[in-house]
Amino acid sequence: MNAVSRLYPQATLTQLTPTLSKSSFRAPLSPLLLLLLHDPYPTKQLRSALHSLFLSLLIDSRFKSRFAAALGAVAYRPLSTLFCAGVGTEADTPLGFTVQIFTAGSLVRMLG
């Protein structure tokens, strides 16, 4: 059973095509990428808990590099587009994590 079918057991491939097309070589489809791409849709309470979890896991270098790839290389554009369209608030978006990612030279070089 893969990550997509575990997270979305009732979804069909046609429904998931827009999400699946966002994965790339640098950030292959993973539960982390799916959580980032679908961040604007759960309740505020769940989003807040996920953001706290992400923040606490950013001290691990392996997680930080995978998170940087998922957010910086794949999820940044769709999330920023939704944010500019009025979905979400400045205090409640994973785009705030870009400060932790884009200020670390090794992560920027990895993404470039």
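This is a predicted model: local features need pLDDT of at least 70, side-chain atom pairs count only at pLDDT 80 or more; totals for chains, interfaces and linings use all residues.
## Overall fold

The protein chain has seven helices and zero strands. Read from the N terminus, the order of elements is α-α-α-α-α-α-α. Of the 112 residues in the chain, 35% are buried. Among contacts with a separation of 6 or more, 64% join residues 24 or more positions apart.

Helix α4 covers residues 44–57, which makes 14 residues. At 1.5 Å a residue it should span 20 Å, and its end C-alpha atoms are 20 Å apart, so expectation and model agree.

Which residues of α4 are buried? They are R47, L50, H51 and F54. These residues cover an arc of only 100 degrees around the axis, which means that they sit on the same side of α4.

## R47 and the salt bridge

The count of salt bridges comes to one. It joins the side chains of R47 and D92, with 2.5 Å from N to O. R47 lies in helix α4 and D92 in the loop between α5 and α6 (98–102), so the pair ties together parts that are 45 residues apart in sequence. In general, side chains of opposite charge can pair when their charged atoms come close.

Are the two partners buried or exposed? R47 has 13% relative accessibility, so it counts as buried. D92 is buried too, with a relative accessible area of 10%. Leaving aside neighbours within four places in sequence, R47 is in contact with D39, P40, P42 and D92.

T93 belongs to the loop between α5 and α6. Its relative accessible area is 14%, so T93 is buried. R47 and T93 are 46 residues apart in sequence, with 8.3 Å between their C-alpha atoms. Beyond its neighbours within four places in sequence, T93 is in contact with D39, H51 and F83. H51 is one of the buried residues of α4.

## The nonpolar core

The largest nonpolar core has 18 residues. Those with the most contacts inside this core are L32, L36, F54, F67, L71 and A75. Helices α3, α4 and α5 are the elements that give two or more residues to the core. The largest share, eight residues, comes from α5. As a general rule, nonpolar side chains in soluble globular proteins tend to be buried together.

F67 is buried, with a relative accessible area of 0%. Not counting residues up to four places away in sequence, F67 touches L32, L36, F54, L58, G72, F97 and I101.

## Aromatic pairs

The structure holds five aromatic pairs. What is the geometry of the pair F67 and F97? The ring centres are 5.4 Å apart and the planes meet at 85 degrees, so the pair is edge-to-face. F67 lies in helix α5 and F97 in the loop between α5 and α6, so this pair ties together parts that are 30 residues apart in sequence.

Ring pairs link F54, F63, F67 and F97 into a cluster. F54 is also one of the buried residues of α4. F63 is found in helix α5. F63 touches L32, F54, L57 and L58, not counting residues up to four places away in sequence. F63 and L32 are 31 residues apart in sequence and 9.8 Å apart in space, C-alpha to C-alpha.

## Buried residues at a glance

The table gathers accessibility values for residues discussed above.

| Residue | Relative accessible area |
|---|---|
| R47 | 13%, buried |
| D92 | 10%, buried |
| T93 | 14%, buried |
| F63 | 16%, buried |
| F67 | 0%, buried |
| F97 | 7%, buried |

Technical notes
Residues are numbered from 1 along each chain as its sequence is written. Side-chain values use heavy atoms; hydrogens and water are left out. Helices (H or I, at least four residues) and strands (E, at least two) are DSSP runs, numbered from the N terminus. The expected span of a helix is 1.5 Å times one less than its number of residues. Buried means under 20% relative accessible area, exposed over 50%, partly exposed in between (1.4 Å probe, protein chains only). The arc is that of the directions from the helix axis to the C-beta atoms. A salt bridge is a side-chain nitrogen of Lys or Arg within 4 Å of a carboxyl oxygen of Asp or Glu. A nonpolar core is a set of buried Ala, Val, Leu, Ile, Met, Phe, Trp, Tyr and Cys residues joined through side-chain atoms within 4.5 Å. Contact means heavy atoms within 4.5 Å. Rings of Phe, Tyr and Trp (its six-membered ring) pair if their centres lie within 6.5 Å; planes under 30 degrees apart count as stacked, over 60 as edge-to-face and the rest as tilted.
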